[in-house]
Amino acid sequence: MNGGPFCCVGEKKRAAVGSISMWGHESKTSTDGRLKRSAVPNIRISPATLYLSLNSLTHYLFLSRQPSLISLHLRQSEQTQVMATFKVNRVESSPIEGQKPGTSGLRKKVKVFTQPHYLHNFVQSTFNALSAEKVKGSTLVVSGDGRYFSKDAIQIIIKMAAANGVRRVWVGLNGLMATPAVSAIVRERVGADGSKANGAFILTASHNPGGPNEDFGIKYNMGNGGPAPEGITDKIFENTKTIKEYFIAEGLPDVDISAIGISNFSGPDGQFDIDVFDSASDYVKLLNYDALSGVAGAYAKRIFVEELGAKESSLLNCVPKEDFGGGHPDPNLTYAKELVARMGLGKNPDSNPPEFGAAADGDADRNMILGKRFFVTPSDSVAIIAANAVQAIPYFSSGLKGVARSMPTSAALDVVAKHLNLKFFEVPTGWKFFGNLMDAGLCSVCGEESFGTGSDHIREKDGIWAVLAWLSILAFKNKDSLNGGKLVTVEDIVKQHWATFGRHYYTRYDYENVDAGAAKELMAHLVKLQSSLGEGIRSDVANVANADEFEYKDPVDGSVSKNQGIRYLFEDGSRLVFRLSGTGSEGATIRLYIEQYEKDSSKTGRDSQEALGPLVEVALKLSKMQEFTGRSAPTVIT
């Protein structure tokens, strides 16, 4: 088995009811110093089989039905003294075009990153964009999803950090740390000397494929654990256009990142330490402390086997691979083909699918939720989590501070916010905008249509957190079915939500690797078209009430983000949104979002593509998509 996010085959017999409750409220320490959970996880999934597939760093598992009380031993780093001295070398360089960070950092092909000075220029430009106190004497996290070139990049960044006066670098064992885990480590980990992280370089291209001929990426996260704001990324880009030199340590050997330990060195600014640690232990420790801290696919065994009692024999392909096993680590209906089939969907569906399936992407920040023969759209997922959070998830028992979604995400969350009288925010695409709201205490739950869901426990989207949230909702909905009653399924939960709040039929068309010039021409055409749209585009489609380019003023810092996507808003609440994505590594990706709201409960059960057909036709006609791009069909439909 290789490739995308898959489910493995587990037992399919109808078994006695097991019990899983996702979060206990108390931890105890046994006589041997190990932490114990005092509450056994408790969801009854009877008589169904529960599937869970987590393709974060190529991890797959089957979650058993009968977890047992477990204990967790948190390993401590063994200190290794390395007496070595390095000096700082100044290397002349010059600007390299195309180093503008996108919504999730800088992503390019590996062959681009391995060009002389390419990575060095970007890292130095980042250090130069930060204030002195965030560099000199600071603590820096450096890790990623383990894709090809990561190990080399980590050694380069360590040497550059030393040369720029960083005091210590924290590296995950084998250089592995999922994106949500990095956020948690930055926010919560305290070093043996009392140090806390000031920021992090995360080496990932997220859901993009990995390998020598595929993608690599790098982004910088701030001291709050969230992505750098536009003010910083703009400075980084400006620095890349004027850079003349970078600094790197000479005489600093490569550090063995396959062994836990602290290596000590001496340089012009004094002592420099490299701490290689087991991030899974730290992250599970955060879970015990916080009772609902997100976890990542890299920690699947620790959480689902050791915490929730799944059998280790149910884990497959748990060794991270630089090329993700040759698959595309993007959790959607197109790339997660085997999982989709096992859940009873797709062209060759399994005849006896399980009740629950889930997948996470390469760096574990995205997720996909599936029920038996049923797909939950990311827009519906975040709305359903918000609607059930206070009752179903102990972390939110005191109430939600507010909710937020990215502009292209469907308005399903808006309706929940209005119904529950919650603060609501619509932000541009990019998790950094959610982080500002969370830091200000304005947002508890948020999400993006691009399979990203999260909460204020960290400042990144968190794929495994979303899975745990759904399992907790399932537990709550089935609390009255513990004696063998009818299982409340994923499909039941979604359809009940539609009956209460209405349904937002929704789809996204991705046109990947489009000629960049053609993509810009298409967007310019759409801008001009806004002022000339008339009535009667199609008889079974409502008239356009308004058209604009989305602009956002941050309520926290007052910053303004312009040109965030072109919107066509229809009189019946339907929407068409066009935007260029910043997550690709080459060419351009045009994303078309199509949404239609239906509040009549008798009409919420239609096939999504059938219901959206008229709007899709209008969107393709208005945009002249085939004329500008030469594409007769999208690359991916979600």
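Here, contact means heavy atoms within 4.5 Å, and the model behind every view is a predicted one.

**View 1. Helix α9 alongside helix α10.** Helix α9 (residues 378-392) packs against helix α10 (residues 412-420) at about 15°, and their axes sit 8 Å apart. With angles under 35 degrees counted as roughly parallel, that makes α9 roughly parallel to α10. The crossing of α9 past α10 is right-handed. On the α9 side, the touching residues are S379, D380, V382, A383, A386 and A387, and they meet A412, L413, V416 and L420 of α10. Sort the residues of this contact by type and you get eight nonpolar, one polar and one charged.

**View 2. Helix α11, tucked in.** Seven of the nine residues of α11 (residues 431-439) are buried, so the rest of the structure largely encloses this helix. The buried ones are W431, K432, F433, F434, G435, L437 and M438. After α11 comes G441, with a positive phi near 75°.

**View 3. R373 in the β14–β15 loop.** Look between β14 (367-371) and β15 (374-376) for the loop that holds R373. Phi of R373 is positive, near 55°, in a residue other than glycine. R373 has 45% relative accessibility, so it counts as partly exposed.

**View 4. F451 in the β18–β19 loop.** Here the loop runs between β18 (445-448) and β19 (452-455), and F451 is found in it. F451 is a residue other than glycine with a positive phi, near 65°. Its relative accessibility is 4%, so F451 counts as buried, the cut-off for that being under 20%.

Notes
Residues numbered from 1 in each chain as written. Predicted model: local features only at pLDDT ≥ 70, side-chain atom pairs only at ≥ 80, totals over all residues. Heavy atoms only, no water. Buried < 20%, exposed > 50% of the residue type's maximum accessible area, 1.4 Å probe, protein only. Helix = DSSP H or I, 4+ residues; strand = E, 2+ residues; numbered from the N terminus. Axes fitted to C-alpha atoms, helices over the stretch in contact; angles between N-to-C directions. Parallel < 35°, antiparallel > 145°, perpendicular 65-115°, else oblique. Left-handed = near helix turned anticlockwise from the far one by under 90°. Nonpolar A, V, L, I, M, F, W, Y, C, P; charged D, E, K, R; others polar.
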